Amino acid sequence: MNIQEYFGRISYNKPHKDADLKTLSTIFQHHIQAIPFENLSMHCGETIELDLQSTYNKIVRKKRGGWCLESNHLLFWALQELGYDVCILGANSYDPAKRAYTAEMNHILLKVEIQGNSYIVDAGFGGAYQMWQPLVLISGKDQPQVPGIFRFKEDNGTWYLEKVKRKHYIPEQSETPYFSVAPGMGNIRQIHRFTLQPRHINDFQELNAYLQVSPDNILQKKSICSLQTTEGLIALVGWTLTEMKYNYTEDMDLVHITTLTDEEVEKTLKDKFNIELENKLVPVNVRGLPPNLVDKI
């Protein structure tokens, strides 16, 4: 494994002498705009191995993406190589359908210490709730970014991350703005909760195995590939391509939704996500679930 090869993968060619916030933010943005959040391996007969060398080969050398366990693990390695004080944390994601957090940890994120301040870095959430810059770990402070306003809340040692949602204008559906939010939920979307207890990647081996075989989790029910762009995001869920432009007008995101054929799915992965799969993908999008990543992921 080589840090320069990783820099090539994320198209980063700037100086990186100091382990400071500016360098962290730049590397992070390059990472999320080059490495998709995707679970395509489990829908084309591949096993996901949760060890650093396998993750490095998949994402850096084969130019694939990965889910949170892979993408954040790779970023963890890169930041350590650059001299950052970084540790892995475990989180419980919020399930909007159940209006509750998962009982077990099902997500990893990173905490980085810089000059006495703590920052949360998460390159593996995907979709419209992906942060674009490190978030300073402070309770109750609005932290505006291009995707929206993020905010932490702390209660007795447990931290909660939430995001203020915008309206979504979807020309394909109507001439009026569509606010993708379940009745009674308001415009705040909970994302996950976590503690500051340091974790090791091996703490997630059981989760990694479980997610690949459990028929009940959303990663089994949907083939997902999403990537942050300079203006918003693109997401392919099953045969549904969603393209979002953030803040198209004040407090409103522009969303285009297109249904693809099997042949178009393969071409779209190559053209828009720079992904060429070694095995045949079987797209999946179980009915009864939202077809795009606007509100579910």
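Predicted model: local features only at pLDDT ≥ 70, side-chain atom pairs only at ≥ 80, totals over all residues.
Residues count from 1 along each chain as its sequence is written, and side-chain values use heavy atoms, with hydrogens and water left out. Local features need pLDDT of at least 70 and side-chain atom pairs count only at pLDDT 80 or more, while totals for chains, interfaces and linings use all residues.

**View 1. The largest pocket, at about 1,100 Å³.** A pocket here is an open set of points on a 1 Å grid over the protein atoms alone, where a 1.4 Å probe fits, with protein on both sides within 12 Å along at least five of seven lines. Volume is the space filled by probe spheres set on the points, which are joined across faces, edges and corners. Lining residues (an atom within 4 Å of a point) number 35, and Thr-102, Asn-106, Leu-211, Asn-217 and Ile-218 are the closest to the centre.

**View 2. What the pocket lining is made of.** α4 (68-81), β2 (85-95), β3 (100-101), α5 (205-213) and α6 (218-221) each give two or more residues; α5 gives the most, with four. Helices (H or I, at least four residues) and strands (E, at least two) are DSSP runs numbered from the N terminus. By class, the lining splits into 20 nonpolar (Ala, Val, Leu, Ile, Met, Phe, Trp, Tyr, Cys, Pro), nine charged (Asp, Glu, Lys, Arg) and six polar residues (the others, Gly among them).

**View 3. Strand β15 (residues 252-259) and its partners β10 and β14.** Pairing takes at least two DSSP bridges between strands. β10 (residues 167-169) runs parallel to β15 over three bridges, with Lys-167 bridged to Met-252. β14 (residues 240-249) is antiparallel to β15, joined by seven bridges, and Thr-242 sits opposite Ile-257. The β14-β15 hairpin has two residues between the strands, and Asp-251 takes a positive phi near 60°.
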